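User: Hey, I've just opened this one and I'm new to it. Can you walk me through it?
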Amino acid sequence: MSDPIPERATERNLAAAITSDGSAGQLPSYDATKSSYVAFFRRIDVFLTSPVTEWFLIFCVFFLQGAWPVPDVNEPYYVGKAIHFWNRDFGPRDDFFASRDAHWVFYCSAGWLALILPPTAMAWTIRLVTWGLLAEGWRRLHRAVLPRGGLLAAWTAVLFAAANDHLHMAGEWVIGGAEAKGLAYAALFFALAELARGRYRRVWILLGIATAFHVLVGGWAMVATALAGWAWKPHRPRLRRMVPLMIAAVVIALPGLIPTLMLASGANPPVEAQAHRIYVFHRLCHHLVPGCFGFWNIARFALLTAVFLYLCRRIPADDPWLRVRNFVLGALLIAGIGMMLGLTVQIWPQFSAAVLRYYWFRLADAAIPLGTALGMGLLASSGDFEATLSHGWIRRGLIYLGIAAASGHLAGYVIVRALPVVPRAEWRATTWRASFADSRLLRDYYGWRRVCRWIAENTPHDARFLTPRSNGSFKWYTGRSEIVTWKEIPQDAQSIVQWWNRLLDIHVLDDPVLGRRWSQTLAELREKRLLELAEKYDADYIVTTWKPTLDLEPVFAERGNPYLVYRARRSRPPEQSIREAVPSTADLMQP
C-alpha cells in the first residue's frame, strides 16, 4: 500500500502524487507556478535592462527636466545667432548678430534647420536630438561603471539631474534648451563611458568633438581627464601613448578653437582689458566670481561635495569607478584653483578679470553631481556593503534620501509640465511658481507676444528698433533688428566694449535724486532724448511701455497692453519749437 501524502508535503512530493488519470489534475503544480512567476519577472527584467528601454527611461527623465516652453533662457542667443548665420534676413541690421561667431561648429551643424523650420520647431528639434544624445551617453556611462542597469540607470539619471538642478554653485546646467554646451556635454558623457572602460583613443576623439562644440566644456574636460590619468598610479597610461591622442583631440577641436582664439584679435590691450572687466565683473560675475555666488549655493554644493568624498572613501575601488572618480576629483581641483584666483579680485582686479573669464567652476557644477549619482548607484547595487561599511546607517540613510530626492524631483517637474508656465526667457521672477501665479507677469508676457506679432506683420524686415533693456526674445518673435539688450553680450573684445557703451548711453539715467541708475523703461528718457538716440543709432521704431505717455507718433497701441510702438518721430511739432517761433522782448527791441 502506498504511503499517503503528508499533510505538509513538499512541492516535489505533491507533484509526484498527482496521478496521470486527471483526477488530481486540478491541483496546481507548485513548480510550474513558481517557474511561471520566475519567467515573468525575468522577462520584465530583460525588458527593463534592454538598451532601448534604458535609453527611453533616461530620455524621459531628461525631457521632463528640460522641456520648458520655447524660448528657453539661452535659446534666443544661440539659436538666434545660428538662424542669422544661415539666413541674413533674420535681424539683418542687428549689432549682436554682426559680432564675431564664437560657436561656429554649433551654428554650422544646427543653423541649417532655419532654412526649413520656424524658430520654435528648430529649437525643439535641437532639444530632442541633444536630450537623446545625453540619454545614450548617460546609459553607456552608467553601464560602464555599474553592473546593473534598468531602473537603476533611470534612478542615477534622476539623481544627476536633481543634483545639477538644485545643488550647483555657479549656475551651470547640463540639461537645458537648444544650445552648444548641451551637445558638448553629450560628447563628454560618451567620453567618460570610454574612459571607464580604459579606451583612451576613443576618449580623446570624443573630447575633441566636445571642445569643437563648446571650447570651455571640452577644454576643461581635457584637463580633468589628463589629471585623472596622471593621478591613477597603478595603471597610469604611458605619456608616449597619450601625447599623440591629445594632439589628435586638439586637431579635431580646431573648428571650435580657431574662432574662439580669433575673438581677441584686432583689439589693443586697453580695450581687451576693459572687455575682460565688463564681462567678468559687470555682466557674468554670478557665474565667474566666487564672491558673487550666493551663500546657499556654495553651502549646498559643499554638502554635495562632502557626500561625493564620502562615497569615494567607502565604495570599493574598481577600475571603471576609479577612472571616473579621478576625473571628478580633477574637476574639483580646477574649481579649487578658481576659488584661489578669486581671492585676487580686490588686490589685482585686472589679472583676476583676465583669468576668471574662463569659467573655472563650470565643470565641477556638472562633474560633482555626475560622480555622486554614479556613486549612489554603486552604493545601492552592492550587496556586501553592510559587512564592509562601519556605519551602515549612513549608507541606508543616503539611499533613502536618494530615493526621496529622485521621487520629489520627478513629481515636481511633472506638475510644472502640466501648468501654463511662461517661457524662462521672459521671466522677471526667480521661481517657476511666480511665472504662472503672477497675473502681472502673465499680462506683460501676452502683451509682449501681441506687440511682437504686430511688428512681424506690419514693419519692414530691415527695420531697426530701440527695445527694453531686459527683453530676451524680441528678435525671436519678430526677426527684426534691435540696438542692444542686456542678455545678448557679444564674445569678442571690441564688440563687448561697444555693447557696454551702448547700454550705458541708452539705458542709464542721471537722476537728480537717486543719481545714475538704470532706467525702468525707455519712456523715462522722454521724447528729446529718445529721438537723439534713434538718430544716433539709426533706429526706426521705439518699443516701450505706455506710461509715461510720450509725444511721439504711435503705430501700435492696444487697450490693456502695457507695450506701445512709436515711430521715431514726433506726432506734432513740440511745444518748445512753438515758443521759439514767438519773438522775445529782446528780439523786438533790436533795430
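User: Which residues make the nonpolar surface patch of about 700 Å²?

Analyst: Leu239, Val243, Ile247, Val250, Val251, Leu254, Ile258 and Met262 make it. Patch residues have over 30% relative accessible area and no salt bridge, and nonpolar side chains (Val, Leu, Ile, Met, Phe, Trp, Tyr) are joined within 5 Å. A salt bridge is a side-chain nitrogen of Lys or Arg within 4 Å of a carboxyl oxygen of Asp or Glu. Areas are Shrake-Rupley values with a 1.4 Å probe.

User: Where does Ile247 lie?

Analyst: In helix α12, residues 239–261. Helices (H or I, at least four residues) and strands (E, at least two) are DSSP runs, numbered from the N terminus.

User: And why does Ile247 count as exposed?

Analyst: Because its relative accessibility is 51%; exposed means over 50%, buried under 20%.

User: Is this predicted or experimental, and how is it numbered?

Analyst: It's a predicted model, where local features need pLDDT of at least 70 and side-chain atom pairs 80 or more, while totals for chains, interfaces and linings use all residues. Residues count from 1 along each chain as its sequence is written, and side-chain values use heavy atoms, without hydrogens and water.

User: What's the mean pLDDT of the chain?

Analyst: It's 84, with 83% of residues at 70 or more; pLDDT is the predictor's confidence in each residue, from 0 to 100.

User: Where is confidence lowest?

Analyst: In helix α27 (residues 585–588), with a mean of 32, whereas helix α7 (residues 119–145) is highest at 96.

User: How many helices and strands are there?

Analyst: 27 helices and seven strands.

Technical notes
Patches are made of residues with over 30% relative accessible area and no salt bridge: like charges are joined within 9 Å, nonpolar side chains (Val, Leu, Ile, Met, Phe, Trp, Tyr) within 5 Å. Buried means under 20% relative accessible area, exposed over 50%, partly exposed in between (1.4 Å probe, protein chains only).
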